[in-house]
Amino acid sequence: TFITDMVRYSSSEENPDKVLTQLVQYIGEKLHSDRAYIFEENSHGTFDNTYEWCKEGVSKEIDNLQNVPYEGIIEIWYEQYKKFNNIVIHDIEEYRKHNEAIYDLLKPQGVNTLVAGPIVIKGKMVGFYGVDNPPKELLNDIADLIGMMEFVVSFLIRLRDNAKNLEYSSLHDQLTNCKNRKALDWVYSMKYNTN
């Protein structure tokens with residue numbers, strides 16, 4: 001039911017970027033978590049927190065979690081994703097024994113429990129999504145749901161990227177990459193449109 005509701009919810013908006021923002025909120029609220037998020041690899045080979053929802057009273061971390069390095073942090077999780085398809089942290093203090101660097105990143109954010117899963121597009125891991133501080137007694141059920149949600153999250157990211165590429169192509173000359181006549185018309189209509 002959760003997955004069906006998530007698909008229905010995500011198809012109710014035309015703008016893929018807005019859908020992802022709303023979807024992260026939906027996931028966070030439905031999984032009774034403090035925070036829900038999506039991280040994506042950027043052009044520098046590091047990772048950015050691109051979408052985040054926080055429960056009222058929980059500090060936002062999106063601005064602090066830009067350009068997170070692959071080496072020593074994300075690579076550890078990527079290896080675990082290959083084996084287990086998700087990350088489940090039952091106790092952050094216990095997890096410290098496995099990886100001090102990840103502990104040092106998560107502890108200041110107030111993370112005690114966590115479930116995260118990979119985002120895979122065309123057979124390549126391009127990021128991950130998850131929730132912080134879901135109820136301990138629901139961690140295994142949430143881990144199953146996170147695994148099932150991967151298709152929807154990956155699909156929406158592909159849809160967003162395709163929409164951006166299509167918009168760029170429609171407003172730029174393919175040979176020179178300069179803005180084309182359609183871009184000029186669009187700017188002019190936006191500036192002088194009195195409707």
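**The whole chain**

Start with the complete protein chain in a cartoon view, keeping in mind that this is a predicted model. Colour by burial next: of the 195 residues in the chain, 42% are buried. Among the contacts with a sequence separation of 6 or more, 52% are between residues 24 or more positions apart.

In soluble globular proteins, nonpolar side chains tend to be buried together. To look at this here, select Met6, Leu31, Ile38 and Met149, which are the residues with the most contacts inside the largest nonpolar core, a set of 28 residues. The elements that give two or more residues to this core are α1 (2-10), α2, β1, β2, β4 (114-121), β5 and α6 (139-171), and it is α6 that gives the most, with 10 residues. Apart from this core lies another, of 22 residues, which you can find by selecting some of its members, including Phe47, Val111, Leu114 and Met125.

Return to isoleucine 38 and show its surroundings. Leaving out residues up to four places away in sequence, isoleucine 38 touches Leu20, Val24, Asp48, Asn49, Thr50, Tyr51, Ile119, Phe128, Tyr129, Val153 and Ile157.

**Tyrosine 129**

One of those contacts of isoleucine 38 is Tyr129, and this residue is the next to select. Tyrosine 129 lies in strand β5. Is tyrosine 129 buried or exposed? Its relative accessibility is 1%, and because the cut-off for buried is under 20%, tyrosine 129 counts as buried.

With residues up to four places away in sequence again left out, tyrosine 129 touches Tyr37, Ile38, Val115, Ala116, Gly117, Pro118, Ile119, Ile146, Gly147, Met149, Glu150 and Val153. Zoom in on Glu150 from that list: a polar atom of the tyrosine 129 side chain lies 3.0 Å from the backbone nitrogen of glutamate 150. Then draw a line between the C-alpha atoms of tyrosine 129 and glutamate 52, which are separated by 9.7 Å although the two residues are 77 residues apart along the chain.

**The second largest cavity**

Two cavities of 30 Å³ or more are counted in this model. Staying with Tyr129, select it together with Val24, Ile27, Ala36, Tyr37, Ile38, Gly130 and Val153, and you have the lining of the second largest cavity. The elements that give two or more residues to this lining are α2 (16-30), β1 and β5, with the largest share, three residues, coming from β1. By class, the lining has seven nonpolar residues, one polar and no charged, around a volume of about 40 Å³.

**The largest cavity**

The space in the largest cavity comes to about 160 Å³. Colouring its lining by class will separate the residues into 12 nonpolar, two polar and four charged.

How values were computed
Residues are numbered from 1 along each chain as its sequence is written. This is a predicted model: local features need pLDDT of at least 70, side-chain atom pairs count only at pLDDT 80 or more; totals for chains, interfaces and linings use all residues. Side-chain values use heavy atoms; hydrogens and water are left out. On a 1 Å grid over the protein atoms alone, a cavity is a set of points where a 1.4 Å probe fits but cannot get out, and a pocket is an open set with protein on both sides within 12 Å along at least five of seven lines; lining residues have an atom within 4 Å of a point. Grid points are joined across faces, edges and corners, and a volume is the space filled by probe spheres set on the points. Ala, Val, Leu, Ile, Met, Phe, Trp, Tyr, Cys and Pro count as nonpolar, Asp, Glu, Lys and Arg as charged, and the others, Gly among them, as polar. Helices (H or I, at least four residues) and strands (E, at least two) are DSSP runs, numbered from the N terminus. A nonpolar core is a set of buried Ala, Val, Leu, Ile, Met, Phe, Trp, Tyr and Cys residues joined through side-chain atoms within 4.5 Å. Buried means under 20% relative accessible area, exposed over 50%, partly exposed in between (1.4 Å probe, protein chains only). Contact means heavy atoms within 4.5 Å. A polar contact is a pair of N or O atoms within 3.5 Å; within protein, one must be able to donate a hydrogen and the other to accept it, and residues adjacent in sequence count only if both atoms are side-chain atoms.
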